[in-house]
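Colleague: I'm new to reading models like this one. Could you take me slowly through the nonpolar core and the parts around it?

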Amino acid sequence: MKTEVRANWSHTILICKKCQKRAKAAFGPEHDKSLSKALKRRLTSGKGRKARLGIVEVGCLDICPKKGVVLIDSRAPGIWRIVRDDADIDRLAEELAGGAAS
Ligand code: FES
């Protein structure tokens, strides 16, 4: 049995799944109901571990903003973002794909 599996991910984006449900928002010009779907549309070339970065939906992170979705970039785990539905998804995707986390 394998104990390790390789992945092409450079880093990982964690997105609260429960926030996405609670927010009842639409993200980006495509009006995606989930932030992860809107970001995957822009960021991932490839699926699963073949993608160049990972976007993973996780359970509640105990922030629970009234409006918005909690997002964590694994390159900057000390800064958690709250993304609102009026966020510029293209710009966010550029930031998340870029070399420097902010
Ligand atoms: S519901 Fe997303 S942090 Fe709690």
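Modeller: Here is a walk from the core out to the loops and the surface.

First, some ground rules. This is a predicted model, where local features need pLDDT of at least 70 and side-chain atom pairs count only at pLDDT 80 or more, while totals for chains, interfaces and linings use all residues. Residues are numbered from 1 along each chain as its sequence is written, and side-chain values use heavy atoms, with hydrogens and water left out.

Let's start inside. The largest nonpolar core has 20 residues, and I15, F27, L35, L39 and L71 touch the most other members. (A nonpolar core is a set of buried Ala, Val, Leu, Ile, Met, Phe, Trp, Tyr and Cys residues joined through side-chain atoms within 4.5 Å; buried means under 20% relative accessible area, exposed over 50%, and partly exposed in between, using a 1.4 Å probe and protein chains only.) Two or more core residues come from each of β1 (12-16), α2 (35-43), β3 (69-73) and α3 (89-97). Those names are for DSSP runs numbered from the N terminus: helices are H or I with at least four residues, and strands are E with at least two.

Now zoom in on α3. Its buried residues include I89, L92, A93 and L96. They cover an arc of only 100 degrees around the axis, so they sit on the same side of α3; that arc is taken from the directions from the helix axis to the C-beta atoms. The general rule is handy here: an α-helix has 3.6 residues a turn, so residues three or four places apart point the same way. On the other side of α3, you'll find R91 and E94 exposed. As for the buried ones, they pack against β1, α2, β3 and β4, with contact meaning heavy atoms within 4.5 Å.

Skipping neighbours within four places in sequence, F27 is in contact with residues including D32, L35, A38, V69, V83 and I89. Follow that list to D32, in the loop between α1 and α2. Beyond residues up to four places away in sequence, D32 touches A25, A26, F27, K37, A38 and R41.

Over in strand β1 sits T12, which is buried with a relative accessible area of 18%. Leaving aside neighbours within four places in sequence, T12 is in contact with G54, V56, I72, D73 and S74.

Most residues other than glycine have a negative phi. K24, though, has a positive phi near 45 degrees; K24 lies in the loop between α1 (17-23) and α2 and is exposed, at 76% relative accessible area. C64 is not a glycine either, yet has a positive phi of about 45 degrees. You'll find C64 in the loop between β2 (54-58) and β3, partly exposed at 34% relative accessibility.

Last stop, the surface: W80 lies in strand β4 (residues 80-83) and is partly exposed, with a relative accessible area of 40%.
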